[in-house]
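Hi there,

Here is the structure I promised to pass on to you. Have a look at it first, and then read my notes on its salt bridges below.

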Amino acid sequence: SNPLWRRSVNAWVAEFRARLADPGMEGKVFTSIALDYRRVAGSLDIEPILDGLIRNASRDPKFARRLARTALELRPPTGFVRDFVVEARGSHAGTLDVKHGGITPITNLARAYAVGSGLTGNRTLWRLREVSAMGVLDPDVSIGLAEAFSLLWRVRLEHQVAQVRAGLPEDDAVNPGSLGPLTRRGLKDAF
């Protein structure tokens, strides 16, 4: 529904080039989204072209550093309640922000390693497997990140399904008290 996401090949190429070179906030935000692009519908055959742009950008040390910095910006929640990491304050105090505190940092890290290695695939678990196979990321670290990512996504989706069933708006703020002991332990390790 947003015309900004419906463009010609030439318009996308121009946008990618401009944003991949933009070290500012707009460039960073666009890059985080664009490097995970997925065609939803239509006949626009653009993947090989965009992949080439991403491969070229990965050769720029400044671009690789920007991706790495982005991967390290988000931190897990800092407060502790009964040995569990939770948001320390704000409207979601006492809850786990599973997206911003867990899913997004893993996604950003996998993206930085993969794009920095010249890979253009745009799925987090694929990226983790590939950089591990290339020897760029320790296999145990890769497996641990993949397990954490899968667990965080499952918890997020189960939480949001429960909210929809209860007629509430969906969010990513999970109350650890609503989880079973094994899931809580797994999430603690994931964070």
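A residue is called buried if its relative accessible area is under 20%, exposed if over 50%, and partly exposed in between (1.4 Å probe, protein chains only). With that in hand, Asp36 and Arg127 are both buried. Please keep in mind that this is a predicted model, where local features need pLDDT of at least 70, side-chain atom pairs count only at pLDDT 80 or more, and totals for chains, interfaces and linings use all residues. Residues are numbered from 1 along each chain as its sequence is written, and side-chain values use heavy atoms, leaving out hydrogens and water.

Now for the salt bridges, each a side-chain nitrogen of Lys or Arg within 4 Å of a carboxyl oxygen of Asp or Glu. The structure has 9 of them.

Helices here are DSSP runs (H or I, at least four residues; strands are E, at least two), numbered from the N terminus.

Asp36 also forms a salt bridge with Arg111, with the closest N and O atoms 2.6 Å apart. Here the partner sits in helix α5 (residues 99-116), 75 residues from Asp36. Arg111 counts as buried because its relative accessibility is 4%.

Elsewhere, Arg19 and Glu26 meet in a salt bridge (2.9 Å, N to O). Glu26 counts as exposed, because its relative accessibility is 54%.

Enjoy exploring!
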